[in-house]
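Biologist: I'm new to this one. Could you take a close look at a single part and walk me through its contacts?

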Amino acid sequence: MIQYKTMYYPSYDADLNAVKENGLYLKYIEKQDHSLCYEAIKQNSRAIQYVKNQTEDLCLISVQKNGDALQLIHELNHKIILTAVRNEGLAL
């Protein structure tokens, strides 16, 4: 696993490689963009909890992979809830 000292700011490519290896590394990234968050969620659906700007499409990707990620989403809507329940019947 790639580890960085928190006082340094690694390059975008290093951040991208880190989240591709472990999506939960998103927790340590200050400057997040959509594609970085997408890769993190694709690797680990629970990375949604560290996304600073939880867009509907990122939330949908997360609950499609793991319905239990529903509990990590800040603002729920009908579409996100329905997708989560279709994936995991006990997500609610």
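Modeller: Let's start with Asp 33, whose side chain reaches the backbone nitrogen of Leu 36 at 2.9 Å. That's a polar contact: a pair of N or O atoms within 3.5 Å, where, within protein, one must be able to donate a hydrogen and the other to accept it, and residues adjacent in sequence count only if both atoms are side-chain atoms. Keep in mind that this is a predicted model: local features need pLDDT of at least 70, side-chain atom pairs count only at pLDDT 80 or more, and totals for chains, interfaces and linings use all residues. Residues are numbered from 1 along each chain as its sequence is written, and side-chain values use heavy atoms, leaving out hydrogens and water.

Asp 33 sits in the loop between α1 (12-21) and α2 (34-43); helices here are DSSP runs (H or I, at least four residues), numbered from the N terminus. With a relative accessible area of 33%, Asp 33 is partly exposed, since buried means under 20%, exposed over 50%, and partly exposed in between (1.4 Å probe, protein chains only). Its C-alpha atom is 8.7 Å from that of Asn 53, 20 residues apart along the chain.

Glu 30, in that loop between α1 and α2, pairs with Lys 52 in the loop between α2 and α3 (56-65). Their side chains form a salt bridge (4.0 Å, N to O), meaning a side-chain nitrogen of Lys or Arg within 4 Å of a carboxyl oxygen of Asp or Glu. Both Lys 52 and Glu 30 are exposed.

Conventions:
Helix = DSSP H or I, 4+ residues; strand = E, 2+ residues; numbered from the N terminus.
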